Amino acid sequence: MGLGGALIGPTLLKFGEQINLPFDRIVYILSVRSFGFFGGTIIGGYIIDAFPKFGGTFLTFALFIMCITTLIIPLMYYLIPMMIVHLMWSIAAGIVDNLAQILTMRHYKNFNVNPYLQALHGAFGIGALLSPLIIAPFLRKSSSIDQWHYAYWLIGCLHIPNILGILIFAIRDECCLKQVEEIKLENKEFVEENKQKEAIIKSDPEVKINEGVCSGNVIFLGLMTIFLLLYVGNETAYGSYLHTYASLHLKFPKDIAAYLNSIFWTSFTFSRLCGIPLSMNFSALQMITFDLIGCVISLTLIFMFNKVSWVLWVGSIFYGLSVGTLYASAIAFTEKYIPVTGKRMSILAVGGSAGDAIIPLLIGYSINSKFIGPIGFISILCIGTILASLFFGFIFLYVRHMSKEDMCDDKKTSEVK
C-alpha cells in the first residue's frame with residue numbers, strides 16, 4: 001500500500017503529459033482516489049463485521065485488485081478510464097487499510113496494541129520510502145522516451161509475493177475446521193452476552209442512564225474523526241504534491257524532486273519505526289503533542305523561506321519525523337477512552353479518507369490558480385496543521401471534562417452485568 005500510495009506524487013505531471021490535459025484536470029485523479037479510499041474503508045468495515053472469519057481472504061483479494069490496477073495504470077491514455085482504474089485501486093487500498101488494522105488489533109488484543117500499530121504503519125512508511133527511489137531513475141531527462149511506466153509495472157509485480165504470503169496464512173487460518181468452530185462459539189457467546197445486557201438495560205433504569213450518558217462516546221469519536229480528517233489530509237497532500245511544488249515553485253529537476261519526495265518518506269518511515277519503542281515509554285497524548293508542535297514549526301519555516309531550497313529539504317525531513325507517528329498515536333489515544341471496535345475504526349478511517357479527498361483537492365486548485373500558484377500548497381498545509389493543533393487542544397479539554405464527570409465509561413457499563 002505504501003508503494004502504490006507514494007507512487008502517484010512523482011508521476012502526477014507525467015499523467016498530464018500522457019493524456020494531454022492541464023494540471024487542474026489531472027487533480028481529479030487525486031480526488032477520485034480519495035473518494036475511492038473513503039468508500040473502501042466503509043466497505044472494509046462492513047466486510048470484517050459481516051464475515052469476521054474471512055478477513056484474510058478479503059485482504060488477499062483486495063491486494064490482488066491493487067496489483068492488477070497498478071499494472072494497467074500506464075496503459076490509460078484518456079482521463080475517464082484512468083480515473084476509473086485509480087478508483088478501483090483506491091477502493092481496494094481502503095479495504096486493505098481497514099482490514100489490516102482491525103486484524104492486527106484483534107490478533108494482539110491481549111497486549112498493548114500501540115507498538116504493533118506503530119509497526120504496521122511503519123511498514124507503510126517503508127513502502128512509501130522505496131516508491132520514489134524506484135521511480136526516480138525512470139524520470140531522468142537523459143532518456144529520449146518516457147520510462148515511468150516501468151516503475152508501475154515493477155511495483156505491481158512486487159505485490160505478488162505479498163499476495164501469496166497472505167493467501168497462505170488465510171488458507172491456514174480460515175480453512176481449519178477447529179478454528180472455524182471456535183469462532184462460531186465465540187460469536188454465539190457474544191450474541192448471548194448482548195441479549196443478557198439488553199435484558200438488564202430494559203429491567204434496570206440506572207443502566208439506561210449509563211447507556212444514555214455513553215452518547216459522550218459518540219461526541220469523542222466524532223471529534224477524533226475530524227482531527228484525523230485534518231491530519232491525514234495534510235499528510236497525504238504533502239506526499240502527493242511535494243514533487244509538483246518543488247518542480248514548479250523552486251524549479252527542481254524531476255529526478256531531484258523525486259529524491260526530495262523520497263527524503264520525506266525516509267524521515268516519515270524512520271519516525272514510524274522509532275514510534276515502536278517510543279510508544280512503550282511515552283503516552284499517546286505526549287507523542288501527539290510533540291508531533292503537532294514539530295509539524296507547525298516545520299511547515300511555518302517552509303512557508304516563511306519558500307524561496308530557499310535547502311529549507312525545503314530540512315523542513316521536509318523535520319515534517320516527516322513529526323507527522324509519522326501521529327495516526328497510530330491518535331488511534332491509541334482514542335482506545336484509551338473508548339474501545340475501538342470494527343465499526344468505530346471504520347468511522348475514524350472515513351474521517352481520514354474525507355481529509356484525503358478535501359485537502360488535496362483544495363491544494364490542486366490553488367496550485368493551478370493564477371492568483372495563488374504553487375505557494376498555495378504550503379499555505380493550505382500550514383492552515384490545516386494549525387487548525388488540527390487547535391482542534392486537538394479542544395479534544396484534550398473535552399476529555400478532561402469527560403473523565404471528571406465519569407462519562408462514557410464502557411467498563412462501568414460492562415460491570416453492571
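Colleague: How many helical turns, about, separate lysine 14 and glutamate 17 in helix α2?

Modeller: This is a predicted model, in which local features need pLDDT of at least 70, side-chain atom pairs count only at pLDDT 80 or more, and totals for chains, interfaces and linings use all residues. Residues are numbered from 1 along each chain as its sequence is written, and side-chain values use heavy atoms, leaving out hydrogens and water. A helix here is a DSSP run of H or I with at least four residues, numbered from the N terminus. Because lysine 14 and glutamate 17 are three residues apart in α2 (residues 8-19), the separation is about one helical turn.

Colleague: Thanks! Does lysine 14 count as buried or exposed?

Modeller: Buried means under 20% relative accessible area, exposed over 50%, and partly exposed in between (1.4 Å probe, protein chains only). Glutamate 17, at 43%, is partly exposed. Lysine 14 has 9% relative accessibility, so the lysine counts as buried.

Colleague: How many residues apart in sequence are the parts tied together by arginine 272 and glutamate 235?

Modeller: These two form a salt bridge, with the closest N and O atoms 3.9 Å apart; the rule asks for a side-chain nitrogen of Lys or Arg within 4 Å of a carboxyl oxygen of Asp or Glu. Arginine 272 sits in helix α11 (residues 254-281) and glutamate 235 in helix α10, so the parts they tie together are apart in sequence by 37 residues.

Colleague: Where do the buried residues of α12 lie?

Modeller: Among the buried residues of α12 are Met287, Leu292 and Ile302. Seen down the axis, by the directions to the C-beta atoms, the buried residues fall within an arc of 170°, so they line one face of the helix.

Note on methods
Helices (H or I, at least four residues) and strands (E, at least two) are DSSP runs, numbered from the N terminus.
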